[in-house]
Amino acid sequence: MKEDIAHSTGGIINWWNSRKESLSDYIVPIISILFGFIVAAILMIATGQNPLAGYTLLFRGAFGSSWGDFITLKQAGEGLVKGAVLTLTGLSVAVAFNVGLFNIGAEGQFIVGAIVAAYLGFKLNITPWINIPLILIGVAIVSGLYAAFAAWLKVKRGVNEVITTIMLNWIAINLVENWIVVGPFNIRNYQPGALLAGTPYVKETSRLKPLIATSRLNASLFIAIIAVIFVYILFKRTVLGYEILATGKNPRAARYAGINTGRTMIIAMFIAGALSGISGACMILGTEGRYPGVFRPGYGFDGITMSLIGGNGAIGTFFASLFFGFVRAGATNMQLIGIHKTFADIIQGVATLFVASQIGVRYLILKIGERRKVGREVESERI
Amino acid sequence: MAYAVELKNIKKVFPGTVANDNISLEVEQGEVFAIVGENGAGKTTLMNILYGLYEPDAGEIYIFGKKVENNSPRKAIKLGIGMVHQHFMLIPKFTVYENIVLGEEFVKNGILLDRNKAREEVKRVSQLYGLEVDPDEKVENLPVGIQQRVEVVKVLFRGAEILILDEPTAVLTPQETKDLFKTIRSLKESGKTVIFISHKLKEVLEIADRIAVLKNGKLKGIENARETDERKLARLMVGRDVIFEVPKREKKPQDVILEVKNLVIMGDKGIPAVKGISFYLRKYEILGFAGVEGNGQRELVEALTGLRPVKEGKIIIKGKELTEFDPWVLRRQGVAHIPEDRRDRGLVLPFSVSHNLFIGRQREGFFSGRLFLRKDNIDSFSKQKVEEYDIRPHNPELVVDSLSGGNQQKVVVAREVSYEPDILVASQPTRGLDVGATEFVHEKLIEQRDAGRAVVLISFELDEIMRLSDRIAVLYGGEIVGELSAEEVTEEELGLLMLGLKRYEKREVPA
Amino acid sequence: MNVYETIVSFITSAIQFGTPIILAALGGVICENAGVVNIALEGMMRMGGFFAVLGSYITARSFDPILGGIDPRSGNPWFGILLAILVGVLVGLLHGYISITLRGNQIVSGVAINVFALGGMTFFLERFFSTTGHSPSVASFMGQPLIPGLSGVPIIGGIFGNLNVFNWLALILPFVIHFYLYHTAMGLRHRSVGEHPKAADTLGVNVYRIRYIATIGSGILAGLAGASMSMGQLDLFDNHMPSGLGFIALAAMIFGKWTPIGTLFASLFFTLASVAQSYVQSAAPQVLKYIPVGFWLALPYILTIIVLVSFVGRAVAPAADGTPYEKGEKL
């Protein structure tokens, strides 16, 4: 009863369990990202482009051409904003991974969070210091419940969360973009004849304002940093984190020993959903200002790669997200030589491929090392 | 004449251990050759090398005088070697004949699987050796004894001349073991060579012609079965004299603490696995459940520890009837549980020893406040437990996965005993442990009993049940077919009960 | 439209819409029955879809009399299929190499392939066609019945007369794969590797080889599934392809309990819901006033959850699904 379906997630849990912290935890992602850049460069060469020129543009796009100039601030801010949003979805996926669930549904939770933020941001109009926290709490609850539903189905009915979260993505996208945004909460309900698609703008009191006039960087970076600290402390210090880790690393042993694993999974998934939702809210209250007609930036799916490259930890995910935030911001600049900004996905994809192989690679290294060591021991024993 | 099997200087190293260290031995054709040793002595590794599953790091193998190069299972099969593994290599969802012909399928019209031919051949081989099996039954529906028979047929179907049986009696009742021995003798008569791996010395002395003893990967000696005895083998195996008895103080059972009435529990397949059993348990007593695996033991344990819902009947703990059935609820009622598979169910392997010592108790005030863990208390607690239970190495921060099996089990026992439970449910507490660790666990269980706790012991090892229990209940087909006091029971009688050939009327709960 | 015509067009469109899902889900079936999880179906479809169009495009030779330049519609669509298969083989090999040889994590590998396909195909679209929208129209199988003669045959003609090569594959392959898995010696071995690779290994079955065959086969099928969108339903590659159908295929495979024929019907179930929606939209548009279109579009997914919860919650995957196998592992 309540046994999990031995499908997709089994693998990732075993893989996660088999990890032990070591220096290579930090080296593997760096090497993987490096390989991502190399493979992407080969692709550029193969299609007749100069990777050096491409990467120079990417770097300038990310950090500007020289320190202190106008563009630098603007560009660096762009990378940080993207990084903040990625961090939040990355943490969402990471928290779910740590309880043994694969949250492909970050995208759906992100969209739910975005629409709730757009609605509350439009309805509430107090002062920013009250408005924004209230909106974020509302978003966290709704998106959290949306995600927890998948965990609840898994716990109660044994339905594979991979499938339910995929389905919940599509349900969210269709209900939000093909109903709410075009129907009951369309801008034309409030401003007849508006030329824009999407929802009305949120109130000024709900906006996350740019921190520096020249850049789009806003307080979402601080929200992301708070989330990183929250997740870090959750796993390092708290009882709940301990329960989440025990459940994720061996649900059976945790349950046998008396941890309420079902409840733990649902709570962890609630936290995951809340983080993705807040990520969506940050985009709406920050850069977008409202829910546009079509809004699928894909940050939910990117959260999966951020978490994987970051080794499913809070700090790792943060750095992976910041890094790829900059890559994404920079890649926009590559448009100048006819390379679409999704170029960042290529680097991300290849890097993830190497992360996927790391157990194998690491195991080979380990095995060779051990064999040498044991071989030596045996020989010395004989002497 | 050439030897059936000749191993020369075989060596195999696994990360961290030398599994086989320079082992040489010869097996004559037509003999039953036993290899004994404790768990981890290297018996199975050696046989997996012979069967081509592992490649030796050094050494040579000769089969019927011919040197084997680049060994693989496929090659070993061709050379006439067949292996019955300790954990059966059967696919539960497949039928008997599918399992038997896999890899050597009969084909018609070029590609079609010839199922009729397969059935006929399976029948023919099984009749030839008197090993009846139903080719069309799914393996998952077969009792363990029959599954083993399927394994033997599978090997014979491939024309094996040399049969390796890895711990074949571990899962059998005494009667099934007798049948197996009959089969082995008839195989021997028809000229087959049998290599029999075991750690049960009595059995080995009964069936084998010669006995090789392994210890820590090294060959300690080869004895003629007729010229040796249990004590001598045990000394070779363990390296010291082994005490076959556990000192047990007189029993002084007191008030009933657990009562089970007409308990019905559903199995995984939705049919009752436990069919209306009743029993009671008193303080200062160990109640052993004997029985062949798969007769409701797992379901009973899971129900007693809140892991499986109860369909009908009552569980009464300290006079209060249970209404909720969840592990965390049962724990609060004073039930602790040493589960049967420590790696899978007892421990969170990537956690440190320290973090494994309080799973389930993390919300107690000693271990945590409302939100945060109390690190100092956790450290002092785990340091104390590591000393008390001599969990080696003496470092509570080590990842528990890196400990030996015996020390891992000590972590589980330490945790469960530290609950100071009223009732301790121990399920196969010594499976896979070496003699030393087994002795330790046995001592702890007796200690718990003597401290006034009630212990439920489930084991498939009759010796263990008989050695530790004050009373023995026998499970067969989900029912208790007999409940006896440990002093008055014999192994033969238990065997008959375990096979369902005999049953007693239920005894009443004492007033 | 009379009743007969309605039914015929209903079934026809179910098959046409369902083709990519069926083909990709079959890819999942053969992969997971050998014990390798494949959530890269989405990415594999995307690559197959793009390279099919590219294959057709690069074989274009004749000049466009009106616009000048080479007419992209003059290529050979069969070469497109060939290229889609080739790409499928390569991606299958890659997934196999990581999952089988390196014993890496199969899910992470799948995620990586999906992410790569997303960016990679946009990159190629821009490189080859200088756009990030969609490719030009190429020679394809869109509206090209494989057996046009059938349309004259009574009763079945209405349905089968319109099917292109991909639709036929989607109808026939489930049975071919069923036959392979359950009635051939190779199929028995294939399933044994997914259930208990160690047992198979002890009997001399080559676990690695079968798993490679499975991942490659799965790449081919997913590649064809992508081609069936870009070269069967349309005659171009749109940058949104396959817009999540790979994940739907994954769901169809689980819903079909990892069997080819079960998967066929599960895929058709998903399609029927959306076909029904488009019928309601055209036949009774007034309904949409009361039930917004967003609900209709979400309906198949809501139904899937309901069905999974109520009927197949305990579907059982092949026992060794997702577990890397290592020869000589310590028991």
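Mentor: Chain B first: it is divided into domain 1 (5-238) and domain 2 (246-331 + 469-511), with the bounds coming from an automatic or database domain assignment. This is a predicted model, in which local features need pLDDT of at least 70, side-chain atom pairs count only at pLDDT 80 or more, and totals for chains, interfaces and linings use all residues. Residues are numbered from 1 along each chain as its sequence is written, while chains are lettered from A and ligands numbered from 1 in the order in which they are written.

Trainee: How many residues of domain 1 of chain B are in contact with domain 2 of chain B, and what counts as contact?

Mentor: Two residues are in contact if their C-beta atoms, placed from the backbone, lie within 7 Å. By that test, six residues of domain 1 of chain B meet seven residues of domain 2 of chain B. The centres of the two domains, taken over C-alpha atoms, are 35 Å apart.

Trainee: What classes of residue are on the side of domain 1 of chain B that touches domain 2 of chain B?

Mentor: That side has four nonpolar, two polar and no charged residues. Ala, Val, Leu, Ile, Met, Phe, Trp, Tyr, Cys and Pro count as nonpolar, Asp, Glu, Lys and Arg as charged, and the others, Gly among them, as polar.

Trainee: How many helices and strands are in chain B, and what defines them?

Mentor: Both are DSSP runs numbered from the N terminus: helices are H or I with at least four residues, strands are E with at least two. On that basis chain B has 17 helices and 22 strands.

Trainee: Why is chain B called as compact as a globular protein of its length?

Mentor: The globule rule is 2.2 Å times the number of residues to the power 0.38, and the radius of gyration is taken over C-alpha atoms. For 511 residues the rule gives 24 Å, and chain B has 25 Å, which is close, so the label holds. The C-alpha atoms of chain B fill a box of roughly 70 × 50 × 50 Å along the principal axes.

Trainee: What does the radius of gyration of chain C agree with?

Mentor: A compact globule of 331 residues would have a radius of gyration near 20 Å, and chain C has 21 Å, so the two agree. Chain C has 13 helices and zero strands. Its C-alpha trace spans about 70 × 50 × 40 Å along the principal axes.

Trainee: What makes α6(A) roughly antiparallel to α7(A)?

Mentor: The axes of α6 (residues 128-157) and α7 (residues 161-180) of chain A come within 9 Å and cross at roughly 150 degrees. Axes are lines fitted to C-alpha atoms, for helices over the stretch in contact, and angles run from 0 to 180 degrees between N-to-C directions. Angles under 35 degrees count as roughly parallel, over 145 as roughly antiparallel, 65 to 115 as roughly perpendicular and the rest as oblique. The angle of roughly 150 degrees therefore makes α6(A) roughly antiparallel to α7(A).

Trainee: Which residues of α6(A) and α7(A) meet?

Mentor: Y146(A), A150(A), A151(A), L153(A) and K154(A) in α6(A) meet E161(A), T164(A), T165(A) and L168(A) in α7(A). By class, this contact has five nonpolar, two polar and two charged residues.

Trainee: How many residues of chain C are in contact with chain A, and which helix of chain C gives the most?

Mentor: 47 residues of chain C are in contact with 50 residues of chain A. α4(C) gives the most to the chain C side, with 15 residues. That side divides into 28 nonpolar, 14 polar and five charged residues.

Trainee: What is the peptide bond from R392(B) to P393(B), cis or trans?

Mentor: The bond is cis, with omega near -5 degrees. P393(B) is in the loop between α13 (375-388) and α14 (405-418) of chain B. Most peptide bonds are trans.
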